[in-house]
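Dear colleague,

Please find the structure below, together with its sequence.

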Amino acid sequence: YDVLSYSSMTKVIFYLRNVPNGVQHMSMVMPGLVETSLNTGIMKLTTDGLELTASVRSSVSTRKEELKDKLEYLAEFLGGEISVSGDYPAWEYRAESDIREGISAVYEELFHEEPVFEAIHAGLECGIFASKLPGLDAVSFGPQMNNIHTTNEELSISSTQRTWELVVKALAALK
């Protein structure tokens, strides 16, 4: 077993008591939506030291950078360092979206009801595209899924069929 020195142990305890964790900011434009959060995930003691993994997410890039800066400051204060990998760029909500309006019209025509648009707090590929193409107007949609990222993940086949119909009809309308 690896045993920490008293000095190392107090640094680990200080870090764990002071590291931000959970919801940090709520959205100012969408009530009830988490804007910025992080979670301490994997923690392991190695011969090189203690390694901690945190997932930082935000729909506002400045908030995400601020949170990463806090983590870096805390680690450096205690004599450690951080590295960043698997970064998902922020994808900020657009109050006005031509593509969302177009998808909405096609959805209503196909299914005879208004679609429900929601924002979620997650890392999505749309953020990557938007970071490479400033001004990109994008939406993300898909079939109903339950228990995502677990061994009990489920995909609704009927919802997948409706999603396919929406994609085909929306692409035809965008020509």
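Helices (H or I, at least four residues) and strands (E, at least two) are DSSP runs, numbered from the N terminus. The model is a predicted one, in which local features need pLDDT of at least 70 and side-chain atom pairs count only at pLDDT 80 or more, while totals for chains, interfaces and linings use all residues. Residues are numbered from 1 along each chain as its sequence is written, and side-chain values use heavy atoms, with hydrogens and water left out.

H149 is located in the loop between β4 and β5. Although H149 is not a glycine, its phi is positive, at about 65 degrees. H149 is exposed because its relative accessibility is 77% (buried means under 20% relative accessible area, exposed over 50%, and partly exposed in between, with a 1.4 Å probe and protein chains only). The loop between β4 (145-146) and β5 (154-155) also holds N147, another non-glycine residue with a positive phi, of about 55 degrees. N147 has a relative accessible area of 42%, so it is partly exposed.

Turning to the strands, two strands pair if DSSP finds at least two bridges between them. Strand β1 (residues 22-26) pairs with strand β2 (residues 34-46) in the antiparallel sense, over four bridges. Strand β2 also pairs with strand β3 (residues 49-58), antiparallel over nine bridges, and these two form a hairpin with two residues between them. In this pairing, N39 stands opposite S55 of β3.

T36 belongs to β2 and is the bridge partner of H25. T36 counts as buried because its relative accessibility is 1%. Beyond its neighbours within four places in sequence, T36 is in contact (heavy atoms within 4.5 Å) with several residues, including H25, R57, L67 and H121.

Yours sincerely
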